[in-house]
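Reader: I'm new to this structure and would like a close look at just one part of it. Could you pick a strand and walk me through its surroundings?

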Amino acid sequence: MPSFEQLSELLDPGGTVLLTVECQQGVVGQDSALPELAKEARSSGVLTRVARLVDAAHESGVQVIHAVAERRPDGRGANRNARLFRAAERLPVQQLTGTTAVRIASPINVAEEDFVVRRLHGLSPIAGTDVDPLLRNLGCRTLVVTGVSANIAVPNAVFDAVNRGYTVVVPADAIAGVPSEYTPAMVRNTLALVATITTTEDVLACFKRRR
């Protein structure tokens, strides 16, 4: 864990962006296509902590980007080259463009100044989306990654951000995956090698200090 001073330096509001990953109703909401993941995100407090981070970012002048995964009703352009994609096509809840499933889930607040970036293909919230050019135009140096899942989308986001030259901060208690014991193992053995690992409370303290 970094010291408070080290973390505070990384999280300068002028160069920091907070990214929420797939915190949408059809993934972590009450009527999720992935009820086990939704239950973990809610019962563990992860979704509440993401909401607190988003609110603090709004108050501190830190830009927020919400990364949403969706697909067209006709499925055109969507991946079918992995078992995950084929299984998703059979789920009772579909992440279809324009439906409630792809709206940001409560209790996360979306402010007028936030960006909502939607992707129709792939596994990454960054690769092949508008996130990277937006980060560059915003002058981002540090990307705070939150959301789900620690199994796939979150590590994809971390790796892609690092590969593009950003410093990544991960509040380990603001990401969720399944089973629950997988997330700390992923953080300890993988994400800690490429990102700065911290806690929600420490990020909140840094944001509060900068107000």
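Author: Happy to, and keep in mind that this is a predicted model. Strand β2 covers residues 63-69, runs parallel to β1 and is joined to it by five bridges. β1 also pairs with strand β4, residues 142-148, again in the parallel sense, this time over six bridges. There, valine 21 has glycine 147 of β4 as its bridge partner.

So how enclosed is β1 itself? Six of the six residues in this strand, 16-21, are buried, so β1 is largely enclosed by the rest of the structure. In a regular strand, side chains alternate between the two faces of the sheet. Here, Thr16, Leu18 and Thr20 point one way, while Val17, Leu19 and Val21 point the other, and all are buried.

Leaving aside residues up to four places away in sequence, Leu18 touches Leu53, Val54, Ala57, Val62, Gln63, Val64, Ile65, Val144 and Thr146. It also belongs to the largest nonpolar core, a group of 32 residues, where Leu11, Leu18, Val28, Val50, Ile108, Val148 and Phe207 touch the most other members. Elements giving two or more residues to this core are α2 (25-28), α3 (35-43), α4 (46-60), β2, β4 and α9 (200-210). The largest share, eight residues, comes from α4. Apart from this core lies another one of 28 residues, including Val117, Ala161, Leu191 and Ala195. Nonpolar side chains tend to be buried together in soluble globular proteins.

Now for the other set. Leu19 and Val21 are both touched by alanine 157, whose contacts also include Pro125, Ile126 and Val145, again not counting residues up to four places away in sequence. Ala157 sits in helix α7, residues 153-163. With a relative accessibility of 0%, Ala157 counts as buried.

Is Phe159 buried or partly exposed? Its relative accessibility is 35%, so Phe159 counts as partly exposed. Together with Leu193 and Val194, Phe159 makes a nonpolar surface patch of about 280 Å².

Conventions: Residues numbered from 1 in each chain as written. Predicted model: local features only at pLDDT ≥ 70, side-chain atom pairs only at ≥ 80, totals over all residues. Heavy atoms only, no water. Buried < 20%, exposed > 50% of the residue type's maximum accessible area, 1.4 Å probe, protein only. Helix = DSSP H or I, 4+ residues; strand = E, 2+ residues; numbered from the N terminus. Pairing = 2+ DSSP bridges. Core = buried A, V, L, I, M, F, W, Y, C linked by side-chain atoms within 4.5 Å. Contact = heavy atoms within 4.5 Å. Patch = residues over 30% accessible without salt bridge, like charges linked within 9 Å, V, L, I, M, F, W, Y side chains within 5 Å. Areas by Shrake-Rupley, 256 points an atom, 1.4 Å probe, with all protein chains shown as cover. Salt bridge = Lys/Arg side-chain N within 4 Å of Asp/Glu carboxyl O.
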